[in-house]
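Let us walk through this model from the inside out.

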Amino acid sequence: MKKLLILTIAALVGFSTNSCKKQECPKPEVWGVGTWKMTQYYNNGVLQDPSDPEVACSLQQTIQLTDDAKGTWTFTQFDSNTNTCTQDPHQITSWAENIDKKTLMITVHIWGLDLGEEFIYDNKDKMHFQSSSSKYVYEKQ
């Protein structure tokens, strides 16, 4: 019994001390870094037609995530009077992901506020977020 206890303690001590040096340790997998483009928009469960000018404008939205946990979220706005689409970039003040839970949380500074949005990863190259009646799908470019 004492041998088992000593081996268990030795294993725990070995496990708790990091055996690799920081520069040699493998880096955790990161899915978020890069450019994401909105590719689909659903309203009340119905995929919206990308040939519709307003939907086409929405599909120009992008999210750029950098490896320093910052980035830019470029929103778009369609003006039906002039039939034009304008881009409106906003600073991402932070982002964090949990690949095990397949979640990504982005905080964007917009209208003087820091607003958070939680995305769900479908896989490492596709993610989405949902509001009460809409679903927005983004794919890595």
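The largest nonpolar core has 22 residues. Those with the most contacts inside it are Ile63, Trp73, Ile106, Phe119 and Tyr138. A nonpolar core here is a set of buried Ala, Val, Leu, Ile, Met, Phe, Trp, Tyr and Cys residues joined through side-chain atoms within 4.5 Å. Buried means under 20% relative accessible area, exposed over 50%, and partly exposed in between (1.4 Å probe, protein chains only). Two or more core residues come from each of β1 (34–43), β3 (62–65), β5 (84–98), β6 (103–110), β7 (113–123), β8 (126–130) and β9 (134–140). The largest share, 4 residues, belongs to β6. Helices (H or I, at least four residues) and strands (E, at least two) are DSSP runs, numbered from the N terminus. In soluble globular proteins, nonpolar side chains tend to be buried together.

A word on the basis. This is a predicted model: local features need pLDDT of at least 70, side-chain atom pairs count only at pLDDT 80 or more, and totals for chains, interfaces and linings use all residues. Residues are numbered from 1 along each chain as its sequence is written, and side-chain values use heavy atoms, with hydrogens and water left out.

Now take two residues in turn. Leaving out residues up to four places away in sequence, Ile106 touches Ile63, Leu65, Trp73, Ile92, Ser94, Trp95, Leu115, Gly116, Glu117 and Phe119. Contact means heavy atoms within 4.5 Å. Thr107 sits in strand β6. Thr107 counts as buried because its relative accessibility is 18%.

Next, the strand pairing. Two strands pair if DSSP finds at least two bridges between them. β6 and β7 are antiparallel, with 8 bridges.

Last, the cysteines. A disulfide is a pair of cysteine sulfur atoms within 2.5 Å. The count is 1 disulfide. It joins Cys57 to Cys85, with S to S at 2.0 Å. Cys57 lies in helix α2 (residues 53–58) and Cys85 in strand β5, so the pair ties together parts 28 residues apart in sequence. The S-S torsion of Cys57 and Cys85 is about 80 degrees, so the disulfide is right-handed. Cys57 counts as buried, at 2% relative accessibility, whereas Cys85 counts as partly exposed, at 28%.
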